[in-house]
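Come and look along with me.

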Amino acid sequence: MSAADTVVDLDDAAGLQEADRDGLLRAGAMAGAQVRSIAAAVEEGALESVAGGQRPRTVVWLAGRGPAEAAGAMLIAALGGTAGEPLVAAAEVPPWIGPLDLLVVAGDDPGDQNLVSAAHAAVRRGARVVVAAPHLGPLRDVTAGRAAVLEPRLPVPDEFGLCRYLSVGLAALAAVDPALMTVDLWAMADELDAEAMRNSPGREIFTNPAKALAERMTGRQVVLAGDRPDTCALARHAAAVLLRVAGQPVAAAALADTLVALREIGQATDPVDALFHDEEFDGPMVVRPRVVALATAEERPALTARLAGIGDVDLIGAEDVGDAGSVPVVSGRRERQLALLAVRLEMAAVYVRLAGG
């Protein structure tokens, strides 16, 4: 029997660790260490070649897929209104890129032709370039000595790499525009470590937010929803991690679309009709999905009021701890809250897998 087929009680710490033959619990708890490695690289001068001088005309985040693409979408949505320069997400290098621009190429494959050709075109045209990918093979050949490198230093599966990409983006923005953008990656790493500790296998469900999420999602149709572009991007990332890690297909959607669907399903499942429902004659009853709505502290009051009276919707934020939410954590800047939620959702995916969900 494989670890994926093992059914384990979520409060059985020893059983969870025994079932975790692929080291997923450790990988899910490595976000703080990944951010700390980026902070160390920055202190060592990794971004000196792009720092200082004139502010860039545009900051372009180029990533093709996975957590790198999600991180770019989250950064642009969270910081686009406060950054001193336009933030742009691109799948291919823009034809206008030049000496006034900063390009961040992000991914897990140094042989990705899209990343390689984009980096090559950018350095050839005199743009400042940051490499947030393994600096190997073709990518190293086209950027050696002509780009700032923040490659991964720790062996962590890419599905758990979102927070590393976020920290690279934050560090790059702070390097080129220190007057408007400040970031303390060391403090962010400490917060992510604290989140991982709250979600450790030894903590019981009622004080463990990741286990509480896993329990709600196991055996149910689940929709992850966000009400803003950054939380929508986080929902898509979490859905991908649940599929890759736990093999559980989960929908990711905007909260407005989700609420419309819930109203339609609610009309199809009238409580009186449900009381007299007979599957032999009426067919299977329509089951409402479990909705997990992601929110930051600033939008939570409005969403709480908006979701009042709607069943099967869980509103979660970085400040929630476990089922009871009895020990709220301090909410930081928006991008830090998103990173904390990412760690929680990734570890929840691990628990869904280990619990045989």
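I took contact to mean heavy atoms within 4.5 Å. Helices (H or I, at least four residues) are DSSP runs, numbered from the N terminus. The model is predicted, so to speak for local features I need pLDDT of at least 70, side-chain atom pairs count only at pLDDT 80 or more, and totals for chains, interfaces and linings use all residues. Residues are numbered from 1 along each chain as its sequence is written, and side-chain values use heavy atoms, with hydrogens and water left out.

**Entry: α10 with α15**

On the α10 side I noted Leu234, Val241 and Leu242 among the contact residues, and on the α15 side Leu338, Leu341 and Leu345 are among them. By class I have 13 nonpolar, two polar and four charged residues (Ala, Val, Leu, Ile, Met, Phe, Trp, Tyr, Cys and Pro are nonpolar, Asp, Glu, Lys and Arg charged, and the others, Gly among them, polar).

**Entry: α4 with α10**

Helix α4 covers residues 66–79 and helix α10 residues 229–246; I read an angle of about 160 degrees and axes 8 Å apart. That makes α4 roughly antiparallel to α10. In α4, Ala70, Ala73 and Ala77 are among the residues that meet α10, whose partners include Ala233, Leu234 and His237. I wrote down nine nonpolar, one polar and three charged residues for this contact.

**Entry: α9 with α15**

Here helix α9 (residues 209–217) packs on helix α15 (residues 334–354) at about 55 degrees, with axes 8 Å apart. That makes α9 oblique to α15. I listed Leu213 and Met217 among the α9 residues, and Leu345 and Tyr351 among those of α15. The classes come to ten nonpolar, no polar and two charged.

**Entry: rings**

How many aromatic pairs did my search of the whole structure find? It found zero, counting rings of Phe, Tyr and Trp (its six-membered ring) with centres within 6.5 Å. I did find the charged end of Arg164 over the ring of Tyr165, 4.4 Å from its centre (CZ of Arg must be within 6 Å of the ring centre and within 35 degrees of the ring normal).

Terms used:
Phe/Tyr/Trp six-rings, centres within 6.5 Å; stacked < 30°, edge-to-face > 60°. Axes fitted to C-alpha atoms, helices over the stretch in contact; angles between N-to-C directions. Helix = DSSP H or I, 4+ residues; strand = E, 2+ residues; numbered from the N terminus. Parallel < 35°, antiparallel > 145°, perpendicular 65-115°, else oblique.
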